[in-house]
Amino acid sequence: MSTAQEIVAAVGGADNIVSLSHCATRLRFQLVDASGIDTARVESIKGVMGAVPQSGDRYQVIMGGAVQNAYNEINALPEMSTRHEPTDAELKAAARAGGVRGRFAWVDSFFEFLSDSFRPILGALLGASLFITFMSLMSTLGVIGNWADPRVELPPSWQFVNLLWQSVFVFLPLMVAYNASKKVGADPWVGFGIMALVMLPGFTSLMESDAAYTAVIAGSNVTLIDIFGVPLTLFSYNSQVFPPLLMAALLGPLYKLLKKLIPDNLQLIFVPFLAMLIMLPLTAFLIGPLGVFVGAWVAGALGAINGVSPLIFAIIIPLAYPFMVPLGLHWPLNAVMLLNIQQLGFDYIQGPMGAWNFACFGATAGVLYLAWRDRDVQMRQTATGALAAGLLGGISEPSLYGIHLRFKKIYPRMLIGCLVGGLILGIGGSLTTPVTTQAFVFTSLLTIPAFNNMPLYAIAVVAAFITSMTLVVLLDYRTPEQKAAARARGDADAPAPVEPRVIVVGDVETNQAKQWVAALGGETNIASVEPIAETRVRVQVLDSALVDAEALRRAGLAGVVEVSPGVWHLVAGLEAEQYAEGMRRRLASVST
């Protein structure tokens, strides 16, 4: 029985498999019923590095670098093509019966949706973040002005450099829309096209129309324009990720419904058309503005809280930001920060925001430490780039999208760091002077001097960093399955241990070896024997005149070649190793 057949049998047979996918190291099974699987049996299969059950009748088998071959071999099995496909009723019954799945599978699905939406663009995010880091460094050294402040006009050359990172972050919604739509089973280019509507220059230019007007929502000014009598909210969707995620979450079920309703021969045209007909106006009029309205309300509410109690405000901001940033709700606060600087001469939001940022970076540092310890090269590279972008550039997105949203256990550790930093800022500000800044900056190591009451701010962000890092290191951030996958990746990158090998030599190889030794001039004429190139046996003889090449060919060899004086290659086929071992044993038995 092959490895693929053993794995299928161990997970309950082909009829128990609902679906099979794989990542870099693991086979990911969705099963009808995973309760009866013997994990010890799965892990005893040759080539399997480990196996971990998950909630919702999911089961993962760790294969390391051989995962692609194992995946292909399993799908090629005859029983996989003829397996019974479970009905919707059977799947629902299994979900109800598997208690854990009914309660928690949606959490795994949600984080998997987020992870798969951001993972493919992680490299672009990290690369662009290093340009931001460079701009921050140039600003700190005084080469350019405060590049992060939109009121500062940079020289044309530096404006171009500043565009290098914007090429990724500005169009981030389109990238997320493509990945998220693909994840939910819709045409990713349709999702891309839907999101592109609100990012067209023509869409944003409507803000300059004479028909546009301003309305006050939650204390913030919002630009509107009536389209056939329906108010359309005009807003820059650059760098937003909440609208494309919500759009894709609705597009997926809609796509499946349309495919059920429309005949197969008409789906190519009418499924995309009807999906766009519904989702384009829905995204422009409802999904996109949802983030604007919520963001405006949050900004107004936070301003009111700070007016009542700066201590409570200093605690709420670090705890709210980890949830606002993934939804894009933090962007309206940038306008509030700039308005505070213009009207008050200082801003009170950026100080508490620094506690969140450094708690985020501390969690990333903890992940980096564990990646070094476990020799997880992939995560080590991701965490290194994200940490550099954070500490030097003040950019949290690489950490957030590349790591934190992929591992649901990170957030509780990170929130404690946010709380510690916020408490220090709030209590310290009450006892001394509140932390404020007169500049609009990205909170990084390089911008610490930009804050008033700098010692208090430095203590708070360092405490937030150390707290999150320590909790991640001590409590870890991974499930047992994720730990096993990290170990598998580390083992794959580490030098393979040298294990003793046992070569089985049968009667056929023994008899052939005896004949070959004789044709090579006898045991006393052979100096050494070793298998090479998988199919050959290299033999060094003392006197080539004693070698009978024709006798070797008659004894079953496909080829006999003297490659150099006294060195012969015997083409023995895939059993060359067994034949070579048989010859060595023959020589050893005669010599003793």
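A residue is described as buried when its relative accessible area is under 20%, as exposed when that area is over 50%, and as partly exposed in between, with a 1.4 Å probe and protein chains only. The structure is a predicted model, in which local features need pLDDT of at least 70 and side-chain atom pairs count only at pLDDT 80 or more, whereas totals for chains, interfaces and linings use all residues. Residues are numbered from 1 along each chain as its sequence is written, and side-chain values use heavy atoms, with hydrogens and water left out.

The chain contains 24 helices and eleven strands; helices (H or I, at least four residues) and strands (E, at least two) are DSSP runs numbered from the N terminus. Of the 592 residues in the chain, 50% are buried. Contact means heavy atoms within 4.5 Å. Among the contacts in the chain with a separation of 6 or more, 69% come from residues 24 or more positions apart.

Aromatic rings were examined next. Rings of Phe, Tyr and Trp (its six-membered ring) are paired if their centres lie within 6.5 Å; planes under 30 degrees apart count as stacked, over 60 as edge-to-face and the rest as tilted. A tilted pair is formed by W516 and Y579, whose centres are 4.7 Å apart and whose planes make an angle of 50°. Here too distant parts of the chain are linked, since W516 lies in helix α22 (residues 507-519) and Y579 in helix α24 (residues 576-591), 63 residues apart. W516 counts as buried because its relative accessible area is 1%, and Y579 is likewise buried because its relative accessibility is 11%.

Further aromatic residues take part in other arrangements. Y178, W189 and F192 form one aromatic cluster. The charged end of R380 sits over the ring of W372, 4.2 Å from its centre; a charge is assigned to this position if NZ of Lys or CZ of Arg is within 6 Å of the ring centre and within 35 degrees of the ring normal.

Helix α1 (residues 3-10) has A4, I7, V8 and A10 among its residues, and these four are buried. They are placed on the same side of α1 because they cover an arc of only 165° around the axis, the arc being that of the directions from the helix axis to the C-beta atoms. An α-helix has 3.6 residues a turn, so residues three or four places apart point the same way. The cover over the buried residues of α1 includes β1 (17-22), β2 (26-31), α2 (39-43), α3 (67-76) and α4 (78-81). G12, which follows α1, has a positive phi near 105°.

Strands are treated as paired if DSSP finds at least two bridges between them. An open sheet of four strands shows antiparallel pairing in the order β8-β9-β11-β10. Its edge strands, β8 (526-532) and β10 (559-564), each pair on one side only. The twist from one strand to the next averages 25°, where axes are lines fitted to C-alpha atoms, for helices over the stretch in contact, and angles run from 0 to 180 degrees between N-to-C directions. Five bridges join β10 to strand β11 (residues 567-571) in the antiparallel sense, and G559 has V571 in β11 as its bridge partner. The hairpin of β10 and β11 has two residues between the strands, and in this hairpin G566 takes a positive phi near 85°.

Several individual positions complete the description. L405 is located in the loop between α18 and α19 and is buried because its relative accessibility is 6%. L405 and P322 are 83 residues apart in sequence and 10.0 Å apart in space, C-alpha to C-alpha. N306, in helix α13 (residues 267-308), is buried because its relative accessible area is 17%. Leaving aside neighbours within four places in sequence, N306 is in contact with F313 and Y348.
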